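Please open the structure in your viewer and keep the selection tool at hand.

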Number of protein chains: 2
Amino acid sequence: MFNSIYIFGTGMMGGSLACSIKQAKVANKIYGFDREIKNLKYAKKNKIINDYDSKDFKLLSKADLIIICTPLSSYKKVFGIINKHKKDDAIVTDIGSAKSDIIKLSSKLLKNNNQCFIGSHPLAGKEKSTINNHDKDMYKNSVILLTPTSKTDKKLNTSVCEFWSSLKCQVLSIEPEVHDLVMSQTSHLPHLVSFALVNIILNSKSIKNIKAYTGGGFKDFARLAHSDSLMWKDICWSNKKNITKSIILLIKELQDIKKIINRNDSSLFKYLKDTKIKLNKK
Amino acid sequence: MFNSIYIFGTGMMGGSLACSIKQAKVANKIYGFDREIKNLKYAKKNKIINDYDSKDFKLLSKADLIIICTPLSSYKKVFGIINKHKKDDAIVTDIGSAKSDIIKLSSKLLKNNNQCFIGSHPLAGKEKSTINNHDKDMYKNSVILLTPTSKTDKKLNTSVCEFWSSLKCQVLSIEPEVHDLVMSQTSHLPHLVSFALVNIILNSKSIKNIKAYTGGGFKDFARLAHSDSLMWKDICWSNKKNITKSIILLIKELQDIKKIINRNDSSLFKYLKDTKIKLNKK
């Protein structure tokens, strides 16, 4: 239980998180800050937060737990503000989708970083990005990838782990570098492929009424391509090396499939069948 | 209203279709045939069909509407059986995912093909393929792509169109060649990409517990890779030319994205943003 939790960035993800915190009664007060005053007004009016901060950051200096819910490209600025205003014993986490870069940044910008900051990545979200699309059940039952380093304080680790557990999340610990590699394949690459597929389809002269064809596998991809452009630009840049490698792997795999399809033997069936069997075993 | 409708292939898709027909009361009797006697027994026991046929095809010779619900690779054999046993005025359609090849085949194998056969492709389905996974609401509100040729009889066209409409489906007509081109991009390519992505992830040594990571876009892809291997082998072969071209387009698009990510300018953000804007406009 925290006396006060501070949501730095009250967009869709931050707003939904505030709702979960309120529901689980994990804090006496929930405070928020956002670049956009209209988001803060919406959050206060709808009782998602108790109060919002202004640029003097008076509420930030009272907070016990600070959760960064802003795009990755703003972290440099946000860490600077937090470092200047936070209480000595306040703890800090985030919900960003790439971790290695921002953990390096935190070690440069946060005083006693190993005692106060640990990266979190909730595997939750949806494509609509403003606070009016918040969802009080977004975090419920979701997996949180917690990314401590070898230097992270054990007590801090326990506190943040307990915080997520109290929201009914399942917490898994993973090294930041492994996190970024795994996510480049399971999340970042699929999102980029969506953009690629959607672009191919949008550029096709044969397809006039795209909505007519959403039943055949397309909708699963198009959903991802509605995701926030700024967020995804930030993720790509923050995890550039792994994502580039993953794209190369996918190109190679597609070249193999193309070859196999054009062989008149059992290798295509075998490829499809074996993939399914391996997937079911996992 | 038909006196009897015959489902040739009572798997998940055929079984679900029989349920829709029964629910909509479009036929007095529903008959079925399948290679697997256990599927037929299941269908009869669960009152999905009224009776099942044996290899003398006595019930087939009574049917007014015959719907082929078998894998594309079996159509040659199935057209042969239908041609041999069907009533003169019986009409025939199917639910296959690729059309040009099988329409050519029907013109070779079915007597009076233009008066009796028209291809249909319901944009409906799920990954689990046996009849015990049937879903009585699978076809409800789904789009049916009807693929008449310039020679298809108008009355036949109207009958099959009315049949699908009576199941609360939305019927759209499309030329067979355009259908196969469009589907290669909106459905066949996304499915193959799923297999490719899943393979990359399964081959990754860093990913031990795949189920932990299903929240970040991966599940949308993995869902597709559970699809029936035989069906997808058949689709790939039947629509080989278009699918090959679509894979080449995707490789090119991924190469572009890789370049853009590695530039330190606004082109990545612009690419993501423009895709989303174009998608929202469609």
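Predicted model: local features only at pLDDT ≥ 70, side-chain atom pairs only at ≥ 80, totals over all residues.

**Stop 1**

Begin by displaying chain A and chain B together. Which rotation superposes chain B on chain A? A rotation of 180°, with 0.0 Å of shift along its axis, brings chain B onto chain A with an RMSD of 0.0 Å. That is the relation of a two-fold axis. Next, consider the interface: 100% of the interface residues of chain B are also interface residues in chain A, so the copies meet through the same surface.

**Stop 2: the nonpolar cores**

Select Tyr6(A) and Tyr6(B). The largest nonpolar core has 125 residues, and of these Tyr6(A) and Tyr6(B) touch the most other members. A second, separate core has 34 residues, among them Cys69(A), Ile131(A), Val160(A) and Trp164(A).

Return to Tyr6(A) and display its surroundings. Neighbours within four places in sequence being set aside, the contacts of Tyr6(A) include Tyr31(A), Gly32(A) and Phe33(A). Also in contact with Tyr6(A) are Asp53(A), Phe57(A), Leu59(A) and Leu60(A), as well as Ala63(A), Leu65(A), Ile66(A) and Ile67(A).

**Stop 3: salt bridges**

Side chains of opposite charge can pair when their charged atoms come close. How many salt bridges are counted over all chains? The count is 16, and three of these pairs may now be visited in turn.

First, select Lys233(A) and Asp234(A). These two residues form a salt bridge whose closest N and O atoms are 3.0 Å apart.

Next, select helix 10 of chain A, which comprises residues 240–261. Within helix 10, Lys252(A) and Asp256(A) lie four residues apart, about one turn of the helix. A salt bridge joins Lys252(A) and Asp256(A), with 3.0 Å between the closest N and O atoms. Lys252(A) is partly exposed at 47% relative accessibility, and Asp256(A) is partly exposed at 26%.

Finally, move to chain B and select Asp56(B) and Lys58(B). Their side chains meet in a salt bridge with an N to O distance of 3.9 Å. Here Asp56(B) is partly exposed, with a relative accessible area of 38%, whereas Lys58(B) is exposed at 57%.

Technical notes: Residues numbered from 1 in each chain as written. Chains lettered and ligands numbered in written order. Heavy atoms only, no water. Salt bridge = Lys/Arg side-chain N within 4 Å of Asp/Glu carboxyl O. Helix = DSSP H or I, 4+ residues; strand = E, 2+ residues; numbered from the N terminus. Buried < 20%, exposed > 50% of the residue type's maximum accessible area, 1.4 Å probe, protein only. Least-squares fit on C-alpha atoms with pLDDT ≥ 70 in both. Contact = heavy atoms within 4.5 Å. Core = buried A, V, L, I, M, F, W, Y, C linked by side-chain atoms within 4.5 Å.
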